[in-house]
Amino acid sequence: MAFFALSRIQPLALLSATDLAAGYDRLLEENRHLRRAVTSHAVIDQAIGAVVALGQIAPEEAWRALRDVSQRTNVKLRTVAEHVLGYVQGGTLPEPERIELAKAIVRYRRCGGRPAPLGDGLPAPAAPGGAAPPAGDAREDGGAESGAPRRATTPTGPRPGPARPASGGERGAAEPRR
């Protein structure tokens, strides 16, 4: 038995049941691949967010760091992302991936103009019942334990522009702001 079906190559082609079944199987396989890609994308996006929080780097640099870890350890990006998500939830990160992730965070933190971290660049994962020490730990920046005054941090956002006059007109230098 033959069926008429639309084909990309030929507008109306006479296809057999075998041809239709093969096309159906191809579409099912493509659908499986697309579903896996969507799932992988979500896992990778979550891992990018985790690396942003761990390394205090921009999302673009976190993406590059994950990609570097994948390439340097010869582990699929999705698998690296799953390991990172497990790590931030209190699990362990395989040693080669942990080392490469620490190197990548240090590398991209330097590119972003931030100082390199102490140690390997990765804080300990948060304990299930407690919180990890804050990123600006007193040991790093001369806090109360060291006896040295705390250093002022510079803001990383955009700098404010010059003051604009109020809508009612220009203010003089002697008139205070309210």
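Glu-95 is partly exposed, with a relative accessible area of 44%; the classes used here are buried (under 20% relative accessible area), exposed (over 50%) and partly exposed in between, computed with a 1.4 Å probe on protein chains only. Glu-95 forms a salt bridge with Arg-98, and the closest N and O atoms are 2.8 Å apart. A salt bridge denotes a side-chain nitrogen of Lys or Arg within 4 Å of a carboxyl oxygen of Asp or Glu. Because the two residues are three apart in helix 4, about one helical turn separates Arg-98 from Glu-95. Arg-98 counts as partly exposed, at 22% relative accessibility.

The structure is a predicted model, in which local features need pLDDT of at least 70 and side-chain atom pairs count only at pLDDT 80 or more, whereas totals for chains, interfaces and linings use all residues. Residues are numbered from 1 along each chain as its sequence is written, and side-chain values use heavy atoms, with hydrogens and water left out.

The overall architecture comes next. The protein contains five helices and two strands, arranged along the sequence as β-β-α-α-α-α-α. Helices (H or I, at least four residues) and strands (E, at least two) are DSSP runs, numbered from the N terminus. Of the 178 residues, 26% count as buried. The protein exposes about 13,200 Å², of which carbon and sulfur atoms supply 57%; these accessible areas come from the Shrake-Rupley method with a 1.4 Å probe, and for residues only the protein chains shown count as cover. Among contacts with a separation of 6 or more, 43% join residues 24 or more positions apart, where contact means heavy atoms within 4.5 Å.

Helix 1 covers residues 17–55. At 1.5 Å a residue, its 39 residues should span 57 Å, and the end C-alpha atoms are 56 Å apart, which agrees; the expected span is 1.5 Å times one less than the number of residues. The buried residues of helix 1 include Ser-40, Val-43, Ile-44, Ala-47 and Val-51. Their cover includes helix 2 (59–73), helix 3 (77–88) and helix 4 (95–111). Just after helix 1, Gln-56 takes a positive phi of about 55°.

Helix 2 can be checked in the same manner. Its 15 residues should span 21 Å at 1.5 Å a residue, and its end C-alpha atoms are 21 Å apart, in agreement. The buried residues of helix 2, among them Ala-62, Ala-65, Leu-66 and Asp-68, pack against helix 1, helix 3 and helix 4. Asn-74 follows helix 2 and has a positive phi, near 60°.

In soluble globular proteins, nonpolar side chains tend to be buried together. The largest nonpolar core here has 23 residues, and those with the most contacts inside it are Ala-47, Val-51, Ala-65, Leu-66, Val-84 and Leu-101. Helix 1, helix 2, helix 3 and helix 4 are the elements that give two or more residues to this core, and the largest share, seven residues, comes from helix 1. Such a core is a set of buried Ala, Val, Leu, Ile, Met, Phe, Trp, Tyr and Cys residues joined through side-chain atoms within 4.5 Å. Leaving aside neighbours within four places in sequence, Ala-65 is in contact with Val-51, Leu-101, Ala-104 and Tyr-108.

Ile-105 lies in helix 4 and is buried, with a relative accessible area of 0%. Its C-alpha atom is separated by 9.2 Å from that of Val-52, 53 residues apart along the chain.

Which residues does Asp-68 contact, leaving aside its neighbours within four places in sequence? They are Arg-107 and Tyr-108. The side chains of Asp-68 and Arg-107 meet in a salt bridge at 3.2 Å, N to O. This pair links distant parts of the chain, with Asp-68 in helix 2 and Arg-107 in helix 4, 39 residues apart. Asp-68 is buried at 8% relative accessible area, whereas Arg-107 counts as partly exposed at 26% relative accessibility. The side chain of Asp-68 also makes a polar contact with the side chain of Tyr-108 at 2.8 Å. A polar contact is a pair of N or O atoms within 3.5 Å; within protein, one must be able to donate a hydrogen and the other to accept it, and residues adjacent in sequence count only if both atoms are side-chain atoms. The count of salt bridges comes to six.
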